[in-house]
Amino acid sequence: MLKITGVSRRFGDVTALSEVSLDIRQGEFFALLGPSGCGKTTLLRILAGFEAPDSGTVTLDGDDLLGQAAHRRPVNLMFQSYALFPHMSVARNVAYGLERERLPRAEIRERVGEVLEKVGLAEMAGRRPQQLSGGQRQRVALARAIVKRPRLLLLDEPLSALDKKVRAEMQLELKRLQNEVGITFVVVTHDQEEAMSLADRIAVFNAGRVEQVDKPAALYERPRTPFVADFVGANNLFEGKVCAGGLESPELGVLPAVSELAAGTPALLAVRPEQLKLNSLKRAKRVKRLNGIKGLNSPEDVLRGKVADVSFYGGVSHVSVLVDGRQTPILVATQGTTQVQAGSSVALTWGAEDGVLIPQ
């Protein structure tokens with residue numbers, strides 16, 4: 001539905017966007033994810049009509065979008081600050097755009113009533129914004145954006161002003177509303193959890209360029225660039241060269257991974273913390289001895305080290321392990337509580353299929 005081709009935008013010596021190309025489908029929830037200053041909000045403003053690109057094209061259903069004035073585009077932008085009128089009631093805020101179009105009053109009342117019902121604010125139609133909570137004001141802003149039935153709804157950090165619990169509730173609410181109204185949503189965020197939970201597909205931005213476009217699971221499990229591997233979720237990254245068994249690290253030896261890259265290629269090995277298996281070294285030796293008595297083969301330890309820190313996060317424990325030859329600790333995530341303590345000697349293993357090799 002929306003085709004962005006070779007869009008660039010510069011501000012003096014700063015390149016905000018560099019040859020960005022994206023295809024966004026009808027009815028899709030699409031996220032632009034990246035750190036501050038990576039160009040994602042600049043692209044959103046270009047789609048809304050508040051910025052003009054230096055080069056490139058943007059089409060909506062095959063029609064040139066850039067040639068249309070901002071107020072004539074079938075596009076609506078929900079601001080990060082919500083930008084509600086403080087002197088107007090909830091219903092008047094939502095109706096404002098329709099009144100500017102001079103629609104019949106009966107139609108305005110009907111459409112405002114329908115959309116307030118959808119966002120669960122029908123009983124608060126007469127209140128002013130200052131009488132609402134942050135989550136409720138966010139719903140008013142969303143209702144005002146969708147009441148005009150745009151083809152495309154742009155959301156700039158829509159949940160950043162909310163606390164964690166309300167944010168989680170509104171993530172579900174946004175997804176439900178998007179499915180219900182059938183409008184294509186494009187959301188800008190630096191919050192990875194938000195992007196992962198909301199989006200059908202995610203474009204990861206870095207320094208004005210698109211690093212990777214993928215579904216959330218594929219983006220997490222198979223990052224294609226060093227930046228994506230480091231930025232999306234926690235990761236253990238090892239540098240070296242591709243070899244027959246995986247990655248050959250000068251300091252750590254051969255680390256297991258499966259790859260189609262040619263041997264000798266400089267690469268980065270990414271292993272997620274939850275893919276690592278951690279055993280106390282004493283227990284690991286005992287298990288090997290017992291297995292040897294039974295004639296069984298036990299998996300070889302990939303690395304050995306000492307526990308530097310253990311942190312408990314409710315359902316998950318994070319264990320930091322220091323390994324000789326590596327400056328940064330290796331992070332291991334285990335379900336529930338863990339028996340290992342700071343100072344314990346441990347063995348680390350992972351399967352070759354759990355390691356992702358990325359060319360440097």
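1. Which residues does R224 touch, not counting residues up to four places away in sequence? They are Q212, V213, D214 and I358, where contact means heavy atoms within 4.5 Å. R224 sits in the loop between α7 (216–221) and α8 (226–231); helices (H or I, at least four residues) and strands (E, at least two) are DSSP runs, numbered from the N terminus. From R224 to I358 the separation is 134 residues in sequence and 6.1 Å in space, C-alpha to C-alpha.

2. On the basis of the note: this is a predicted model, in which local features need pLDDT of at least 70 and side-chain atom pairs count only at pLDDT 80 or more, while totals for chains, interfaces and linings use all residues. Residues are numbered from 1 along each chain as its sequence is written, and side-chain values use heavy atoms, with hydrogens and water left out.

3. The largest pocket holds about 730 Å³ of space. Of the 25 residues lining the largest pocket, H71, V75, N76, G97 and K148 are the closest to its centre. A pocket is an open set of points on a 1 Å grid over the protein atoms alone where a 1.4 Å probe fits, with protein on both sides within 12 Å along at least five of seven lines; lining residues have an atom within 4 Å of a point. The volume is the space filled by probe spheres set on the points, which are joined across faces, edges and corners.

4. At least two lining residues of the largest pocket come from each of β6 (75–78), α2 (90–100) and α4 (134–146). The largest share, four residues, is that of β6. By class the lining has 15 nonpolar, three polar and seven charged residues (Ala, Val, Leu, Ile, Met, Phe, Trp, Tyr, Cys and Pro count as nonpolar, Asp, Glu, Lys and Arg as charged, and the others, Gly among them, as polar).

5. α2 also packs on α3 (residues 105–118), at an angle of about 130 degrees and with the axes 10 Å apart. α2 is therefore oblique to α3. Axes are lines fitted to C-alpha atoms, for helices over the stretch in contact, and angles run from 0 to 180 degrees between N-to-C directions. Angles under 35 degrees count as roughly parallel, over 145 as roughly antiparallel, 65 to 115 as roughly perpendicular and the rest as oblique.

6. The axes of α2 and α4 come within 7 Å and cross at roughly 30 degrees, so the two helices are roughly parallel to each other. V90, N93 and V94 of α2 make the contact with V140, A143 and R144 of α4.
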